[in-house]
Structure formats: structure tokens, C-alpha cells
Amino acid sequence: MQWTLEEMVVEEDKVAARFTMRGTHQGTFFGFRPTTKPIVVKEMNFYRFSGG
């Protein structure tokens with residue numbers, strides 16, 4: 001499995017990050033049986049930093 005950071009936006013104590021996850025479906029993933037095919041999942045995470 002490989003994660004790629006596609007884009008990141010920072011404003012004060014907040015960060016928005018857009019990722020792409022790539023890999024080969026070799027085991028059960030979100031309840032789906034393995035297919036041995038390549039998979040691509042797009043994801044966006046939001047973070048807030050506090051306390052230093």
C-alpha cells in the first residue's frame with residue numbers, strides 16, 4: 001500500500017490534506033473479498049493542532 005499526499009492547505013491551527021492510497025487488493029478490505037486487482041482510494045483528512 002502506498003499513500004501519496006496530493007494537496008495540503010494550512011490556515012492557522014487547521015490543516016486539510018488530500019491523499020491517494022494505491023495498492024493491490026490481497027486481503028479483505030472494507031468487507032470485500034480479495035480480488036488481486038489494483039485499487040485506488042481518494043481520501044481527505046482534516047486536522048486541528050493545539051497545545052504546541
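Let me start with the strands, where β1, residues 2-11, runs antiparallel to β2 and is joined to it by nine bridges; strands here are DSSP runs (E, at least two residues), numbered from the N terminus, and two of them pair if DSSP finds at least two bridges between them. Please keep in mind that this is a predicted model, in which local features need pLDDT of at least 70, side-chain atom pairs count only at pLDDT 80 or more, and totals for chains, interfaces and linings use all residues. Residues are numbered from 1 along each chain as its sequence is written, and side-chain values use heavy atoms, with hydrogens and water left out.

Most residues other than glycine have a negative phi. Glu-12 also counts as exposed, at 74% relative accessibility, where exposed means over 50%, buried under 20% and partly exposed in between, with a 1.4 Å probe and protein chains only.

Moving on, β2 pairs with β3 in the antiparallel sense over eleven bridges, and Lys-14 stands opposite Arg-48 in β3. In the loop between these two strands we find Thr-36, which has a positive phi of about 65° although it is not a glycine, and which counts as exposed at 62% relative accessibility.

That loop, between β2 (14-24) and β3 (38-48), also holds Pro-34, which is partly exposed with a relative accessible area of 42%. Not counting residues up to four places away in sequence, Pro-34 touches His-25, Gln-26, Gly-27 and Thr-28, contact meaning heavy atoms within 4.5 Å.

How values were computed. Helices (H or I, at least four residues) and strands (E, at least two) are DSSP runs, numbered from the N terminus.
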